[in-house]
4 protein chains.
Amino acid sequence: MLVVMKAQATPEEIQAVCGYIQQLGFRPHPLPGAQRTAIGITGNHGQIDQGILEEFSGVAEVIQVSKPYKLVSRDAKEEDTVIRFSGTDASIGGRDLAMIAGPCSIESREQAFAIAEAVANAGAQFFRGGAYKPRTSPYSFQGFGEEALQIMAEVRERFGLLIVSEAIDNEALELIDQYVDIIQIGARNMQNFSLLKAAGRKRKPVLLKRGIAATLEEFLMAAEYIMSEGNYQVVLCERGVRTFADHTRNTLDLSIVPAVQRLSHLPIIVDPSHGTGKRNKVIPLGRAAVAVGCDGLIIEVHHQPDKALSDGAQSIYPDQFAQLMDEASQIAAVLHRNVPRGIHQTETVAAK
Amino acid sequence: MLVVMKAQATPEEIQAVCGYIQQLGFRPHPLPGAQRTAIGITGNHGQIDQGILEEFSGVAEVIQVSKPYKLVSRDAKEEDTVIRFSGTDASIGGRDLAMIAGPCSIESREQAFAIAEAVANAGAQFFRGGAYKPRTSPYSFQGFGEEALQIMAEVRERFGLLIVSEAIDNEALELIDQYVDIIQIGARNMQNFSLLKAAGRKRKPVLLKRGIAATLEEFLMAAEYIMSEGNYQVVLCERGVRTFADHTRNTLDLSIVPAVQRLSHLPIIVDPSHGTGKRNKVIPLGRAAVAVGCDGLIIEVHHQPDKALSDGAQSIYPDQFAQLMDEASQIAAVLHRNVPRGIHQTETVAAK
Amino acid sequence: MLVVMKAQATPEEIQAVCGYIQQLGFRPHPLPGAQRTAIGITGNHGQIDQGILEEFSGVAEVIQVSKPYKLVSRDAKEEDTVIRFSGTDASIGGRDLAMIAGPCSIESREQAFAIAEAVANAGAQFFRGGAYKPRTSPYSFQGFGEEALQIMAEVRERFGLLIVSEAIDNEALELIDQYVDIIQIGARNMQNFSLLKAAGRKRKPVLLKRGIAATLEEFLMAAEYIMSEGNYQVVLCERGVRTFADHTRNTLDLSIVPAVQRLSHLPIIVDPSHGTGKRNKVIPLGRAAVAVGCDGLIIEVHHQPDKALSDGAQSIYPDQFAQLMDEASQIAAVLHRNVPRGIHQTETVAAK
Amino acid sequence: MLVVMKAQATPEEIQAVCGYIQQLGFRPHPLPGAQRTAIGITGNHGQIDQGILEEFSGVAEVIQVSKPYKLVSRDAKEEDTVIRFSGTDASIGGRDLAMIAGPCSIESREQAFAIAEAVANAGAQFFRGGAYKPRTSPYSFQGFGEEALQIMAEVRERFGLLIVSEAIDNEALELIDQYVDIIQIGARNMQNFSLLKAAGRKRKPVLLKRGIAATLEEFLMAAEYIMSEGNYQVVLCERGVRTFADHTRNTLDLSIVPAVQRLSHLPIIVDPSHGTGKRNKVIPLGRAAVAVGCDGLIIEVHHQPDKALSDGAQSIYPDQFAQLMDEASQIAAVLHRNVPRGIHQTETVAAK
């Protein structure tokens, strides 16, 4: 932390700030400049409240220096985290990109199987599907709950796909943990700290979506919540942020991919379906996400989007997903990465 | 809903859109214009997915007309909702402004009593205090839980103040419901629909804070979640939104006060403490909130903000709060409203 | 400037950064901390490029310390700037609030006189009116140019009001300078540096509106452009910023008023007409602006807004303006300030 | 335009709105729904002020239907605009991507030639360089003006590169028009309508950058200003928008590329240098821009960025640019597009 004094601050004012810092058990380092004095603060225990220093007479501003994240940071672990799925050759965070596809909501066994078959044929390794849906309106379809989870378990059995589904509260989390391979925490719950801690006590990988107005630091701190409870298998996911721009539902912020990769060892994937909210923009932005260097895509696919119970407008058709797989694969090659086609069992898959 | 066709759309394309609308059980109303045709849609059951219509050949855009909120709307109830607190003369939403004050977190009995005494003396009717704190970092102070709630119950007993505290998850909600007069749902949980529904099943008033990036519609729909479960005592609270502006922690959006009042019968108060994040801006923005016509203020007050365990930098001193009460009172009078000084028991106060 | 090194930075990396700083003619101050080293930089000539330092091996981040504004700053001039208008008792920036009112565009002598008479009767001292209109569409009404300026000169003659009008380019500026008392620079031109410099060479006060996405620093630097050319009579104006919020045309950011007052000696007024874009929000937000402590209001008033050639929807009626004057006056009194009623000639008014 | 009435609106209120619409010379189309009535408006002359309708008794809201852009629209011209440069095989908007590279500012002949040689060797066809720099601070380097333009003319002579430089005001525009092949209008001037109209009277292509907070509609309307004066050779450029996100200088909004392509026939390129403000993000986002389907890139390149007079931190090195050319080329091929390597004279190049 650095306290910048005003140009006309008196020695007494500077001394008062230093005294206060010492009194808190920290060490002040006054640093006189040509125009004004700055005071550096060091010390390895506790925290100083920035606002109190700002109120001292003669203080121009207070600047935060050290970063609050620990376990998510490359300072803590330099090499990339690679998440593996026992019994299969699938992984997230290594050379292979993770392709996750499926409907917004599980609507029926027929629907789930039709879409799962299509995305498996196109080469996806992961199947996404909603059992519990966070909806803006209480009158909108809220998901089929455990019934949907059972259908997804059948999808895994039948097509060998790994399963991703969202937990919207602690109750749903307990059930989801029994059925899925990856627990999703949605954007609206990125700062539901109670849910993050509960997910941190599970031993399944967690797919954590960025909140609609989350800074990079808040995003990483949400992952820190999960890791601080002992679950180190966190996959970050950019899904668009809210801005003034009105030509897409959200503004997909692809620059966060290299920004995360610089600071953290955790993998990061991209969701161009929610990131744009429009079917005709999913493929272009999906390609762009691969080109920027992300570790995978999560895509809403529906065979009959005009009959979908939710998010039909942003779901792409199975043949569009196949096209996206092809293009993603070619672009990944430019980055010396790989889009695997299909999942292979290395041993019997057990419900983990 | 309104489908706007492109200028060069053919009669066949228009017919295809109309046919699809009819097939869904709605009634299309083609409306030829000088340059292009628009198609109105009416019908009173179900919902049409905007995105599917946008993909039809010849369609320029699709515009949503009807609003999704029902119970929160002035269409449903024209007169203002006034929330009363049995056994007292306090209310929220009528001519009297509700002044809520207290520390960010309850830190000790001494701290709580010192602050409660000060704000009661200044005339506040409501005492706020955190027992469960949603913090960006898992390593920050998280609140003293039930112990803090017990202290607040003693504050009510001793000073007659009504108690407000935040529920951060369903577990905390059950406890809080036993101790407080108003259950607060924080900004980060504004779309924690599971928690909203649980709060809707309680019979205490709910203070619902606007999410950091919530539109007016999403804010009202969050209140709709609570009301749809049968709890009609909802108080909305503006507490700043996230923008590019960096001179305050959030940008306080006072225009939402008249905007809510136009659409909804629910009361709306303002939190200039979180809305600015800086002590020296709380009083100016608190005055402005009263001048814009809000139904009350919620203010962080601490007698020793430099020792506060959280949010010290935005907490004002007791004498500053007294000044704010005075100024609020004078400004309220300009709007023919009133800032009551102190709470009066009309009968024995029971934990409701 | 402060360079924060990574936790694992080597002494050689720290030395390399220090060496580079010295080589540029600055003085590095390494400041070892418990976890990492920070390097302060001092020196009073030139500028260091932050990005280059960020690219050095071992550097975690680079933080800017000193502020770029000089003349606008309270460091340069501690007491408030008060702008006076010779020959009258009007002023901006002192105890009196400046009330500026008039139509968006001057449409005819009849229209201008009707509105001028109404706002003068209500007590306004300044008359605003557009001669050159910056419009999003090239097909919208663009203003009547010099003809409008001549009408405004007649308004001054007849009603004694001081005149404000916007210069949209250097050509218009030359003409406007001949006719008006205050030259307005609009939000879209806040970073039209060529126009700012030209306005800085005039000797009339300049009303500078905040850009739609301008930070506090950019806003002050735009004023610095004007002052750096020798014109020290700058009035800042908050008129709403662009955010995700869609219930008003812009989000009025009243917190910038105390923020400006803390850093700068320049007066700041508020425009609730553009700040909200909706007639029914002008009075509430106008009241709030006075309550927050601004130095005046600029309000669009039209006697027949349904026939206005521009901005009719946000123009208030003359009787609404009279109501706002009354309420502003009462609220100003709470802050020990004054809303003067009418302008008084202290000597003959000359075109300054 | 569509007027949506409140649920409880009376027949008299509906009639009053219809009467007002007719009185303005438009035709009202009342459209009764199950819950409320909407009134469509048609007519081919003039404009109706939305706000006035909103103030009518019984009106819930007013929705704008028709779009204001004409010449930029695919309604006006269905096929893509391809801009060609006489005497060369270079083009913007067709199958070939336009690669524009060079320093932020022209600092000297040596600097310009060194960079021009490097980018020409890497295959760029266009050379960018600033002669007039819009800078936030009046004390920052403002460019070398005509001297810089003369150096760029020499660069064209020597390396055959086409020249791009920014006009910051009408005076600079006249000079720039004599020297360059493409006139750039910067983000800060996107709504400097006076400058847009002046550029529209030139016969050189105009590269129009998106304003930092411009909506898609405002961006297209700025292009419409240029086209409405008779200059149809407009190239749009996305360069990042301002949001709450603080990990990059701006948030690059790649979704605007397909959004523009859907509505307009004009080419659109991307500037990842300003779009991110950080050297280490230029290549990833440059790749992403090509993958999303843009028509070219504009990149800041400097051989000695640590000595650059402006924007050194976001300038990439010549060998990084060569790497970007390679990767862009491979990704373009996936989209069946081409990154040409070098420019070829088809006849003598004349200053156009």
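**Exercise 1. Which are the buried residues of H7(D)?**

*Solution.* The model examined here is a predicted one.

Step 1. Locate the helix and test its length.

Step 2. Apply the criterion for burial: a residue is buried if 20 or more other C-beta atoms lie within 10 Å of its own. By this criterion 10 of the 13 residues of H7(D) are buried, and the helix is mostly covered.

Step 3. Name the residues. They are D:Leu216, D:Phe219, D:Leu220, D:Met221, D:Ala222, D:Ala223, D:Glu224, D:Tyr225, D:Ile226 and D:Met227.

Step 4. Identify the surroundings. The buried residues of H7(D) pack against helix H6 (193-200), strand S11 (206-209), strand S12 (234-238) and H8, all of chain D.

Step 5. Inspect the end of the helix. Just after H7(D) comes D:Gly230, with a positive phi of about 105 degrees.

**Exercise 2. Explain why the buried residues of H4(D) line one face of the helix.**

*Solution.* 

Step 1. H4 of chain D covers residues 146-159, and its 14 residues should span 20 Å at 1.5 Å a residue; the end C-alpha atoms lie 20 Å apart, which agrees.

Step 2. List the buried positions. These are D:Ala148, D:Leu149, D:Ile151, D:Met152 and D:Val155.

Step 3. View H4(D) down its axis. The buried residues fall within an arc of 160 degrees, and therefore they line one face.

Step 4. Examine the other side of H4(D). There D:Glu147 and D:Glu157 are exposed.

Step 5. Find what covers the buried residues. The covering elements of chain D include helix H3 (109-122), strand S8 (126-128), strand S9 (162-166) and helix H5 (170-179).

Step 6. Note what comes next in the chain. D:Gly160 follows H4(D), and its phi is positive, near 70 degrees.

**Exercise 3. Determine the order of the strands in the open sheet of 4 strands in chain D, and state which strands stand at its edges.**

*Solution.* 

Step 1. Read the order across the sheet. It is S2-S3-S1-S4, and the pairing is antiparallel.

Step 2. Identify the edges. Strand S2 (27-32) and strand S4 (59-63) of chain D each have a single partner strand, so one side of each is left without a neighbour in the sheet.

Step 3. Follow one pairing in detail. Strand S1 (residues 2-5) of chain D pairs with S4(D) over 4 bridges in the antiparallel sense. Within this pair, D:Met5 has D:Val59 as its bridge partner.

Step 4. H1 (residues 11-23) of chain D lies across S1, S2, strand S3 (37-42) and S4 of chain D, and runs at about 155 degrees to S2(D).

**Exercise 4. Describe the pairing of strand S11 in chain B and the directions in which its residues point.**

*Solution.* 

Step 1. Find the partner. Strand S10 (residues 182-185) of chain B is joined to S11(B) by 3 bridges, and the two run parallel.

Step 2. Pick out an opposing pair. B:Ile183 stands opposite B:Val206 in S11(B).

Step 3. Sort the residues by direction. B:Val206 and B:Leu208 point one way from S11(B) (residues 206-209), while B:Leu207 and B:Lys209 point the other way.

Step 4. Check burial. All of these residues of S11(B) are buried.

**Exercise 5. Characterise the side of chain D that touches chain A.**

*Solution.* 

Step 1. Count the residues in contact. The interface brings together 34 residues of chain D and 34 residues of chain A.

Step 2. Name the contributing elements. On the side of chain D, helix H8 (256-263), helix H10 (279-292) and helix H11 (318-334) are the elements that give two or more residues.

Step 3. Find the main contributor. H10(D) gives the most, with 9 residues.

Step 4. Classify the residues. This side of chain D has 19 nonpolar, 10 polar and 5 charged residues.

Step 5. Turn to the partner chain. Chain A has 11 helices and 14 strands, and buried residues make up 59% of its 352 residues.

Methods. Residues are numbered from 1 along each chain as its sequence is written. Chains are lettered from A and ligands numbered from 1 in the order in which they are written. This is a predicted model: local features need pLDDT of at least 70, side-chain atom pairs count only at pLDDT 80 or more; totals for chains, interfaces and linings use all residues. Two strands pair if DSSP finds at least two bridges between them. Two residues are in contact if their C-beta atoms, placed from the backbone, lie within 7 Å. Axes are lines fitted to C-alpha atoms, for helices over the stretch in contact, and angles run from 0 to 180 degrees between N-to-C directions. Ala, Val, Leu, Ile, Met, Phe, Trp, Tyr, Cys and Pro count as nonpolar, Asp, Glu, Lys and Arg as charged, and the others, Gly among them, as polar. The expected span of a helix is 1.5 Å times one less than its number of residues. A residue is buried if 20 or more other C-beta atoms lie within 10 Å of its own, exposed if 12 or fewer, and partly exposed in between; C-beta atoms are placed from the backbone. The arc is that of the directions from the helix axis to the C-beta atoms.
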